[in-house]
Amino acid sequence: MSEWAPKRFWTDATVTDADGGFTVQLDKRAVKTPAKAPLILPTEAMAQAIAEEWQAQTDKIDPNTMPVTRSANAAIDKVRIQHAEVADMIAAYGDSDLLCYRADSPEELVARQAEAWDPYLAWAEEALGAKLEPRTGVIHAGQDAASLTRLSEAVHAFDPFELTAFHDLVSLTGSLILGFAAERSWAESSSIWSASRVDENWQIEQWGEDEEAQATEQVKKRSFEDALRFLHLSRGSNGS
């Protein structure tokens, strides 16, 4: 995004058909990625969302207001080229999933983690064929190899646009299982996000809220919502 022209130079952003999908034109000039690749998008819904982001820019272009454009650029310039490496990195979360590392005390936190996380692990066993076992403490203990293989295969099956979104869903929550729950709409996005913040919310209750941490939390939550919308757009829905 840093290579883009800092000021608006077009009047209309429009969606057009392109070889292999759809693209966005600025006054009949096709948009390219920062790496100068054609911006070929898999769905018209995604192209329309990107066109709306460009159309909404004022005199000075603000990439922070263009999350769909940023993710599409990443999918084309980075993830498409390194698909296997990115998929391996994300799949590795399964062997150290947030949902599997439990506190041994106090009892209220132990109960809260179980209440929030056990249903997701049960769902993963049924829906994904992946049985992951909870552990007490933070010392790593490997999970069942067959379960990890199934999860990895599911991650590798995503196309570059889906994988770009899924990367953020997993990395922002710290959980491969929560990422799949969001991807498959098993629970409301707000519930999934809350499940990822059980420990943080507990700490806030004990020590109070820090303004800087609260601001960081809001940025991460918004990024999670943007990633989920991008995933929907990659599949043809309007992302809402």
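**Exercise 1. How do the axes of H4 and H7 cross, and which residues make the contact?**

Solution. Keep in mind that this is a predicted model. Start with the two axes: those of H4 and H7 come within 10 Å and cross at roughly 65°. Angles of 65 to 115 degrees count as roughly perpendicular, so H4 is roughly perpendicular to H7. Last, the handedness: H4 passes H7 in a left-handed crossing.

**Exercise 2. What span should helix H5 have at 1.5 Å a residue?**

Solution. H5 covers residues 145-156, which makes twelve residues. The expected span is 1.5 Å times one less than the number of residues, so H5 should span 16 Å. Now check the model: the end C-alpha atoms of H5 are 16 Å apart, and that agrees.

**Exercise 3. Which residues of H5 are buried, and what do they pack against?**

Solution. First pick out the buried ones: Ser 147, Leu 151, Ser 152 and Val 155. Look down the axis of H5 and these buried residues fall within an arc of 135°, so they line one face of the helix. Finally, find the partners: the buried residues of H5 pack against H3 (83-91), H4 (107-128), H6 (160-173) and H7 (176-183).

**Exercise 4. Is Asp 27 exposed or partly exposed, and what about Ser 185?**

Solution. Locate them first. Asp 27 sits in the loop between strands S2 (21-26) and S3 (29-30), and Ser 185 is in the loop between H7 and helix H8 (189-196). Now the backbone: most residues other than glycine have a negative phi. Asp 27, though not a glycine, has a positive phi of about 50°; for Ser 185, phi is near 55°. As for accessibility, Asp 27 has a relative value of 33%, so it counts as partly exposed. Ser 185, with a relative accessible area of 53%, is exposed.

How values were computed:
Residues numbered from 1 in each chain as written. Predicted model: local features only at pLDDT ≥ 70, side-chain atom pairs only at ≥ 80, totals over all residues. Heavy atoms only, no water. Helix = DSSP H or I, 4+ residues; strand = E, 2+ residues; numbered from the N terminus. Buried < 20%, exposed > 50% of the residue type's maximum accessible area, 1.4 Å probe, protein only. Arc of directions from axis to C-beta. Contact = heavy atoms within 4.5 Å. Axes fitted to C-alpha atoms, helices over the stretch in contact; angles between N-to-C directions. Parallel < 35°, antiparallel > 145°, perpendicular 65-115°, else oblique. Left-handed = near helix turned anticlockwise from the far one by under 90°.
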